[in-house]
Amino acid sequence: MKYIIYGIFLFTAAVFMACEDFTENYNVPPGSVIAKFSYETANNLSFPDTITFYNESVVPATVANYSYMWDFGDGSTSTEENPVHIFEEKGDYTVTLSLSADGEIIEYSEDFVITGVVFFEEDFEGIGVIPSDWVLVN
């Protein structure tokens, strides 16, 4: 009986020592900062279109200072977390979210093609008067 108790004691001591060494050597790494966004379009990417951007970035609690900078690709920017932007003209745009976190800058971009419906196009160059049965719109 003495040997069984002594064996259980040695086995238990070995398990505790192994667990203690294991946890000390393998620390959990800190979380990463990830820039990401989604969007909702009001006019199906046809101009003029109002797009609401939703910031889906991941910022761990250990990050003390962070800020957002949006570049909409048309010369406009915003520092709001979830901005709303109106694209007034058709064209190709790259929207970039820059997330500055403790001095590091992480970026995420998406390309947008804002289209438009053109029924008829005429430059009227060389014509002095618009034909009487035509209506000029915009």
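Author: The side chain of N55 makes a polar contact with the side chain of Y68, at 3.3 Å. A polar contact here is a pair of N or O atoms within 3.5 Å; within protein, one must be able to donate a hydrogen and the other to accept it, and residues adjacent in sequence count only if both atoms are side-chain atoms. The N55 side chain also has a polar contact with the side chain of S57, at 2.7 Å. The model is a predicted one, in which local features need pLDDT of at least 70 and side-chain atom pairs count only at pLDDT 80 or more, while totals for chains, interfaces and linings use all residues. Residues are numbered from 1 along each chain as its sequence is written, and side-chain values use heavy atoms, with hydrogens and water left out.

N55 belongs to strand 2; helices (H or I, at least four residues) and strands (E, at least two) are DSSP runs, numbered from the N terminus. With a relative accessibility of 14%, N55 counts as buried, where buried means under 20% relative accessible area, exposed over 50% and partly exposed in between (1.4 Å probe, protein chains only). Leaving aside residues up to four places away in sequence, N55 touches K36, F37, Y68, W70, E81, N82 and L97; contact means heavy atoms within 4.5 Å.

Two strands pair if DSSP finds at least two bridges between them. Strand 2 and strand 5 run antiparallel and are joined by 4 bridges; T52 has V84 in strand 5 as its bridge partner.

On strand 1 lies T41, which counts as partly exposed at 26% relative accessibility. The C-alpha atoms of T41 and T52 are separated by 6.5 Å, the two residues being 11 residues apart along the chain. The T41 side chain reaches the backbone nitrogen of N44 at 3.2 Å and the backbone nitrogen of L45 at 3.2 Å.

Two of the residues that N55 touches, F37 and W70, belong to one aromatic cluster formed by F37, Y39, F53, W70, F72, Y108 and F112. Rings of Phe, Tyr and Trp (its six-membered ring) pair if their centres lie within 6.5 Å; planes under 30 degrees apart count as stacked, over 60 as edge-to-face and the rest as tilted. The count by this rule is 10 aromatic pairs. One of them joins F37 and Y108 edge-to-face, with 5.1 Å centre to centre and 80 degrees between the planes. F37 is in strand 1 (residues 37-41) and Y108 in strand 7 (residues 104-114), so this pair ties together parts 71 residues apart in sequence. F37 and Y108 are both buried. The rings of F53 and F72 have centres 5.5 Å apart and planes at 40 degrees, so that pair is tilted.
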